[in-house]
Amino acid sequence: MEPVKIRIFSMIKDDSGESQTTEQRYTGTMTERSGKYYVMYHEDAQSGLEGTKTTLKWDQNRVIIMRSGTVDHRQEFLQDYKDKSVYRTPYMEIPLLTHTRYLYTYFRKGKWHLEIEYTLYHGDTPYGEMKLLIEIEGN
């Protein structure tokens, strides 16, 4: 397990056209097994998910985000793929649908870049247009 720095830029555009952008920074660990990459880190209070461990798993065509702890959720991203999932909290379960419109993973100048654009639905209702840029760099 190699120590890494993780930067996550997320942009949410809701159905009224309002946009919100956030940046989060974490430290974690990374490993590679059988052509797939794994990064693990613990969420903090800033993310609203304190007490949750997040694992990113990816290869050239797919990114999976798995969370366990105060929330449990598995979200899969694959070009033009619609992923049905349930976001579980101690208080409720929220059915979600993620429709990936764009996915690009690459390694350049010592950093991994995971770029994802998707529409998130709560049940059948669009929640918003999302963009994620995740940068992973060795310490």
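This is a predicted model: local features need pLDDT of at least 70, side-chain atom pairs count only at pLDDT 80 or more; totals for chains, interfaces and linings use all residues.
Let us start with strand β10, which covers residues 125–138. On one side, β10 pairs with strand β1 (residues 2–13) in the antiparallel sense, and ten bridges link the two. To find this pairing in the structure, look for Met-11, which stands opposite Lys-131 in β10. Strand β10 is also joined to strand β9 (residues 111–122), again antiparallel, by twelve bridges. Here a handy landmark is Leu-114, which faces Ile-134 in β10.

Now follow the chain back from β9 to β8. These two strands run antiparallel as well, with twelve bridges between them. Strand β8 in turn pairs with strand β7 (residues 82–88) in the antiparallel sense over seven bridges, and Lys-84 stands opposite Leu-97 of β8. As you look along any of these strands, keep one general idea in mind: in a regular strand, side chains alternate between the two faces of the sheet.

## The hairpin turns

Which strands form a hairpin with four residues between them? They are β7 and β8. The hairpin of β8 and β9 has two residues between its strands, and Lys-109 there takes a positive phi near 50°. Two residues also lie between β9 and β10 in their hairpin, where Gly-123 in the turn has a positive phi of about 65°.

## The largest pocket

Next, let us look at the empty space. Rolling a probe the size of a water molecule over the atoms shows where such space is left. The largest pocket in this model has a volume of about 810 Å³. It is lined by 29 residues, and the closest to its centre are Ile-12, Leu-49, Arg-67, Tyr-118 and Met-130.

Several strands give two or more residues to this lining: β1, β2 (19–33), β5 (62–69), β6 (73–78), β8, β9 and β10. Which strand gives the largest share? That is β10, with five residues. Sorted by class, the lining has 18 nonpolar residues, eight polar ones and three charged ones.

## A buried threonine

Thr-52 belongs to strand β4 (residues 52–58). Is Thr-52 buried or exposed? Its relative accessibility is 0%, so Thr-52 counts as buried.

The side chain of Thr-52 has polar partners that you can pick out. One is the side chain of Thr-70, with a polar contact at 2.5 Å. Another is the backbone nitrogen of Val-71, which the Thr-52 side chain reaches at 3.5 Å. Leaving aside residues up to four places away in sequence, Thr-52 touches a set of residues that includes Tyr-41, His-42, Glu-43 and Arg-67.

## Two exposed loop residues

Finally, visit two loops. Ser-34 is in the loop between β2 and β3 (36–42). Its phi is near 50°, a positive value in a residue other than glycine. Ser-34 counts as exposed because its relative accessibility is 79%.

Asp-80 sits in the loop between β6 and β7. For Asp-80, phi is near 60°, which is again positive in a residue other than glycine. With a relative accessible area of 57%, Asp-80 is exposed.

Key
Residues are numbered from 1 along each chain as its sequence is written. Side-chain values use heavy atoms; hydrogens and water are left out. Two strands pair if DSSP finds at least two bridges between them. On a 1 Å grid over the protein atoms alone, a cavity is a set of points where a 1.4 Å probe fits but cannot get out, and a pocket is an open set with protein on both sides within 12 Å along at least five of seven lines; lining residues have an atom within 4 Å of a point. Grid points are joined across faces, edges and corners, and a volume is the space filled by probe spheres set on the points. Ala, Val, Leu, Ile, Met, Phe, Trp, Tyr, Cys and Pro count as nonpolar, Asp, Glu, Lys and Arg as charged, and the others, Gly among them, as polar. Buried means under 20% relative accessible area, exposed over 50%, partly exposed in between (1.4 Å probe, protein chains only). A polar contact is a pair of N or O atoms within 3.5 Å; within protein, one must be able to donate a hydrogen and the other to accept it, and residues adjacent in sequence count only if both atoms are side-chain atoms. Contact means heavy atoms within 4.5 Å.
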